[in-house]
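Visitor: I am new to reading protein models. Could you show me one and let me ask how you know what you say?

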Amino acid sequence: MTEATVAVATTTSQGACPPWCTTPGGCDARTAPHPDDRRHHSWTVVVPLSLEPPAHDMRVGPVGLEVYLTSDPQELCARLDQHRGDAEPAVRVFTGEGAAACYSASVTLAEAEDLARGILALIEEARRTR
Ligand SMILES: [Zn+2]
């Protein structure tokens, strides 16, 4: 476990929000009456995807649900996400927000570290062999 992982894991509790939580208004019963909604969220890493077509969105039109492209670039996003009962946060990786969201996965901190190291190794390999 890295130093950063230890710092994150020790912030879990049923009490106050961890220092990384940015959920507006907090995450307790006052602001989230349903227990499933009491989740801590961190700030979000947002990376615009220049190689992907513009984002799509959906709306209900005269013939039903319509999918259309927007001028917004697709984005790959990541943030910490932790239900108040979870032992440690997960990293949620997702594309877009709201209706534009089309992919989402939650990974453990260890899995996120493996992914980050793997991507950095691939980048280093590509740049070294140019
Ligand atoms: Zn919180």
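Visitor: Where does W43 lie?

Guide: In this predicted model, W43 sits in the loop that links β1 (39-41) to β2 (45-48).

Visitor: Why is W43 called exposed?

Guide: Count its neighbours. W43 has 10 C-beta neighbours inside 10 Å. A residue is exposed if that count is 12 or fewer. So W43 counts as exposed.

Visitor: What makes T22 and R79 contacts of W43?

Guide: The test is a C-beta to C-beta distance within 7 Å. Setting aside neighbours within four places in sequence, W43 is in contact with T22 and R79.

Visitor: How far apart are W43 and L80 in sequence and in space?

Guide: They are 37 residues apart in sequence. In space, C-alpha to C-alpha, they are 7.7 Å apart.

Visitor: How do you know that α2 lies largely in the open?

Guide: Buried means 20 or more other C-beta atoms within 10 Å. Of the 20 residues of α2, the number that are buried is zero. Therefore the helix lies largely in the open.

Visitor: What span does α2 reach, and what is expected?

Guide: Helix α2 covers residues 109-128, which is 20 residues. From first C-alpha to last it reaches 28 Å. That is close to the 28 Å expected at 1.5 Å a residue.

Visitor: What percentage of the protein chain counts as buried?

Guide: Of its 130 residues, 9% count as buried.

Visitor: Which elements does the protein chain have, and in what order?

Guide: There are two helices and seven strands. From the N terminus on, they run α-β-β-β-β-β-β-β-α.

Methods. Residues are numbered from 1 along each chain as its sequence is written. This is a predicted model: local features need pLDDT of at least 70, side-chain atom pairs count only at pLDDT 80 or more; totals for chains, interfaces and linings use all residues. Helices (H or I, at least four residues) and strands (E, at least two) are DSSP runs, numbered from the N terminus. The expected span of a helix is 1.5 Å times one less than its number of residues. Two residues are in contact if their C-beta atoms, placed from the backbone, lie within 7 Å.
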